[in-house]
Amino acid sequence: MTDDLMGRRELLRLTLGAGFMRVATPFLPQTGSSIVARVIHSSQESIPVIGLGSWITFNVGDDRAARAACAQVIRAFVDGGGRMIDSSPMYGSSQAVIGDAIASLPDPRRVFSADKVWTSRADGRSQIEETRRLWRVAKLDLVQVHNLLGWEDHLPVLLEMKRAGRIRYVGITTSEGRRHADIERLLRQHQLDFVQLTYNAADREVESRLLPLAADRGTAVIVNRPFRQGALVNAAARQPLPSFAREIDCTTWAQLLLKFIVSHPAVTCVIPATSSVAHVRENLASGRGPMPDERLRQRIAAVVQSL
Amino acid sequence: MDDWLSYRLSDLILFSPQTYYRMFAQYHARIFPLQVIFLASAIALPIIMRRSPERAERVVAAVLAAWWLWVAIAFHLARYSTINWAARSFALVFAAQGLLLAWFALTHRRPRSMPNQLGAFGLFGVAALAPAGSLLAGRELTQLELIGVTPDPTAIATLAFAVTATRFRLALAIIPLVWCAIGGATLWALDSVEAWIPLLGAIAGLGLLLRRRRPARLTAGR
């Protein structure tokens with residue numbers, strides 16, 4: 001395990017160092033037009049780097065037309081090679097909408113179900129079971145403590161559920177830079193499969209400590225708010241796409257922003273949310289082709305900072 | 001505590017503007033044509049208040065009670081809760097206000113005077129014109145705010161009643177004031193200019209409640 005961790009730290013240092021013109025995926029090679037995949041360290045299972053979030057976009061209640069539209073987005077996501085879909089009990093009807101959509105897929109097992117426990121009650125088991133029921137799956141893949149709410153109670157329960165085989169992975173989440181000190185402490189104290197946090201070309205705080213620590217600890221990283229809920233894309237849309245975007249096969253700002261994120265070797269999966277089939281395909285495309293090296297990453301960050 | 005302060009208003013909204021307005025359209029479609037009854041009762045209220053002010057308090061309170069109980073069940077519980085888990089709590093609060101108004105109607109005593117009548121009519125007018133405000137803000141015809149049918153104009157209309165009430169004015173006004181703040185904040189987070197309607201309604205209502213002028217003496221029917 002020590003050798004493996006040292007190998008990950010060294011690989012992170014090398015791939016972020018100067019001199020690499022292209023960043024080959026640290027863990028799995030690309031083949032053809034398939035989406036880049038990263039390995040979940042604790043199991044060596046591979047997962048495509050582009051996932052799908054569900055905050056706001058899939059909370060459409062019992063509006064049949066809107067639910068059908070959401071199902072089309074999920075279908076396009078899975079057909080395009082995506083696997084991880086992330087949700088939470090906090091997101092209203094999103095879980096039920098996802099469950100209905102997945103049930104209509106030819107192979108629902110292709111979906112990697114990532115959800116959360118979000119309750120101040122000490123025992124979140126009943127909520128997790130309700131989540132599983134809404135997803136209409138036999139077992140949830142990943143359950144995370146949402147924004148660390150009640151982690152003291154929920155984390156032991158999740159670890160026990162994992163040992164019992166009732167869930168596959170355990171994680172914790174935060175967003176928008178909140179509670180990073182607590183996240184760091186928990187990553188050091190517990191062997192967690194996943195950590196979810198905010199990271200993008202404008203919000204880079206996690207580069208200094210949390211991303212290296214996650215890599216060090218063998219914890220997979222899920223990135224939320226890649227576009228700051230659309231604000232980054234809206235701000236960028238007022239500017240022409242930089243010419244260097246062509247070097248990494250990016251034709252839109254959204255792709256450039258996503259490639260910045262997934263090119264960090266500590267990142268396992270990014271989960272942009274969308275209610276548009278066109279946008280989900282655009283997002284998946286950013287998981288293919290060449291990735292920016294460190295030089296290009298700095299140029300992307302500089303352009304975004306200037307927006 | 002710092003974490004809670006870092007949350008923006010938009011972080012507390014769980015749905016998109018499109019989903020919110022479509023929810024109104026679904027609601028209206030489900031209850032049509034009951035809107036006609038609510039509109040008729042809304043038109044009747046100011047007429048009753050002008051013609052028979054000493055009996056108006058009881059009738060208006062009873063009608064408002066029915067409106068609040070309706071919105072609690074048909075809007076918050078049956079519709080809004082499908083996209084907002086807080087709507088179940090809203091339903092309880094609206095039901096409580098409905099029961100308070102019903103109690104007020106049942107224990108009504110003939111008033112000697114009714115203060116702030118002009119202000120009340122103004123506020124009621126704002127509530128009645130809510131559909132126009134919705135249209136100007138860009139909503140479709142099927143998505144309008146309607147007095148007695150949807151929460152915001154119902155709250156503003158109740159403020160209009162509370163400022164003229166001769167008993168328990170503040171008690172009758174608390175929940176409508178709070179709801180105007182919540183409704184306005186929701187629309188604000190959704191970037192709608194309509195947010196000003198409930199917010200200004202709350203400010204006007206609060207101002208009228210706190211006014212220290214002698215109430216107009218009742219003359220009709222004496």
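Colleague: Let's start with a cysteine. Is A:Cys250 buried or exposed?
Modeller: A:Cys250 has 4% relative accessibility, so it counts as buried, the cut-off being under 20%. Keep in mind that this is a predicted model.

Colleague: And which cysteine sulfur is closest to the one in A:Cys250?
Modeller: That would be the sulfur of A:Cys269, but it is 17 Å away, which is too far for a bond. A disulfide needs the two sulfur atoms within 2.5 Å.

Colleague: How many disulfides are there over all chains, then?
Modeller: Zero, over all chains.

Colleague: What about B:Cys180, buried or exposed?
Modeller: B:Cys180 is buried too, because its relative accessibility is 0%.

Colleague: While we're on chain B, what is its secondary structure?
Modeller: Chain B has ten helices and two strands. Along the sequence they run α-α-α-α-α-β-α-α-α-α-α-β. Of the 222 residues in chain B, 51% are buried.

Colleague: How do helix 9 and helix 10 of chain B cross?
Modeller: Their axes come within 7 Å, at an angle of roughly 155°. Angles over 145 count as roughly antiparallel, so that is what helix 9 and helix 10 of chain B are. The crossing of these two helices is left-handed.

Colleague: Switching to rings: how many aromatic pairs are there over all chains?
Modeller: The search of the whole structure gives 22. One of them is A:Tyr199 with A:Phe260, a tilted pair with 5.7 Å from centre to centre and 40° between the planes.

Colleague: Where do those two sit in the chain?
Modeller: They are 61 residues apart, so the pair links distant parts of chain A. A:Tyr199 is in the loop between strand 7 (194–198) and helix 7 (210–217), while A:Phe260 belongs to helix 9 (residues 253–262) of chain A. Both A:Tyr199 and A:Phe260 are buried.

Colleague: What lies over the face of A:Phe260?
Modeller: A:Arg297 does, at 4.4 Å from the ring centre.

Colleague: Back in chain B, which residues form one aromatic cluster?
Modeller: Among them are B:Phe15, B:Tyr20, B:Trp68 and B:Trp179.

Key: Residues are numbered from 1 along each chain as its sequence is written. Chains are lettered from A and ligands numbered from 1 in the order in which they are written. This is a predicted model: local features need pLDDT of at least 70, side-chain atom pairs count only at pLDDT 80 or more; totals for chains, interfaces and linings use all residues. Side-chain values use heavy atoms; hydrogens and water are left out. Rings of Phe, Tyr and Trp (its six-membered ring) pair if their centres lie within 6.5 Å; planes under 30 degrees apart count as stacked, over 60 as edge-to-face and the rest as tilted. Helices (H or I, at least four residues) and strands (E, at least two) are DSSP runs, numbered from the N terminus. Buried means under 20% relative accessible area, exposed over 50%, partly exposed in between (1.4 Å probe, protein chains only). A charge sits over a ring if NZ of Lys or CZ of Arg is within 6 Å of the ring centre and within 35 degrees of the ring normal. Axes are lines fitted to C-alpha atoms, for helices over the stretch in contact, and angles run from 0 to 180 degrees between N-to-C directions. Angles under 35 degrees count as roughly parallel, over 145 as roughly antiparallel, 65 to 115 as roughly perpendicular and the rest as oblique. A crossing is left-handed if the near helix is turned anticlockwise from the far one by less than a right angle, and right-handed if clockwise.
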